[in-house]
Amino acid sequence: MAVGLTACGSSGPTATYAVHLSVDRPRTGANTFDIEVEGRKGGTPTEIGLEPVMPQMGHAYPPVTATPLGAGRFRAAGTVLTMPGMWRITVTVRGANGAEQAVFPLVVE
């Protein structure tokens, strides 16, 4: 079952983008995240990064650069989540206005 997470930052939409993050059956090990970015106010993303963090355990991993799939769609394959529990997935969207972040909570069972 795919898990779709829609958020645009921990306190609302970013200034320039609406971001949708989805992952099919989040699990320990490698995961593939699909990211859809819709520009608001004329924003066009040039690069997407995805960074998994597990704050409770102090786990933080280097960002994975997402591959563009076309028309505001990106894929971050091989994103490793090392254990079950609550994760925070930060999506960084870079564009003409600089970098903006959307944060998504994710439970891995």
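Predicted model: local features only at pLDDT ≥ 70, side-chain atom pairs only at ≥ 80, totals over all residues.
Leaving aside residues up to four places away in sequence, Ile 35 touches Val 19, His 20, Leu 21, Ile 48, Leu 50, Ala 66, Gly 72, Arg 73, Phe 74, Ala 76 and Val 91.

Ile 35 also belongs to the largest nonpolar core, a group of 23 residues. Together with Phe 33, Ile 89 and Val 91, Ile 35 is among the residues with the most contacts inside that core. Six elements each supply two or more residues to this core: β2 (17-24), β3 (29-39), β4 (45-54), β8 (73-81), β9 (85-95) and β10 (98-108). As general background, nonpolar side chains in soluble globular proteins tend to be buried together.

## How β8 is paired

Strand β8 has antiparallel partners to look at. Seven bridges connect β3 with β8, and Glu 36 has Arg 73 in β8 as its bridge partner. Three bridges connect β7 (residues 67-70) with β8, again in an antiparallel arrangement.

## Gly 39 in β3

Gly 39 is found in strand β3. Is Gly 39 buried, partly exposed or exposed? Its relative accessibility is 35%, so Gly 39 counts as partly exposed.

Not counting residues up to four places away in sequence, Gly 39 touches Thr 16 and Tyr 17. The C-alpha atoms of Gly 39 and Ala 18 lie 6.5 Å apart, although 21 residues separate the two along the chain.

## Three salt bridges

How many salt bridges does a search of the whole structure find? The search finds three. In general, side chains of opposite charge can pair when their charged atoms come close.

Asp 34 and Arg 75 form one of them, at 2.6 Å from N to O. This pair links distant parts of the chain, with Asp 34 in strand β3 and Arg 75 in strand β8, 41 residues apart. Asp 34 is partly exposed at 25% relative accessible area, and Arg 75 is partly exposed at 34%.

Arg 94 and Glu 47 meet in another, at 3.8 Å from N to O. Here Arg 94 in strand β9 is linked with Glu 47 in strand β4, 47 residues apart. Arg 94 is partly exposed at 36%, as is Glu 47 at 35%. Asp 24 and Arg 25 also form a salt bridge, at 3.9 Å from N to O; Asp 24 is partly exposed at 39% relative accessibility, whereas Arg 25 counts as exposed at 53%.

Conventions
Residues numbered from 1 in each chain as written. Heavy atoms only, no water. Core = buried A, V, L, I, M, F, W, Y, C linked by side-chain atoms within 4.5 Å. Buried < 20%, exposed > 50% of the residue type's maximum accessible area, 1.4 Å probe, protein only. Helix = DSSP H or I, 4+ residues; strand = E, 2+ residues; numbered from the N terminus. Contact = heavy atoms within 4.5 Å. Pairing = 2+ DSSP bridges. Salt bridge = Lys/Arg side-chain N within 4 Å of Asp/Glu carboxyl O.
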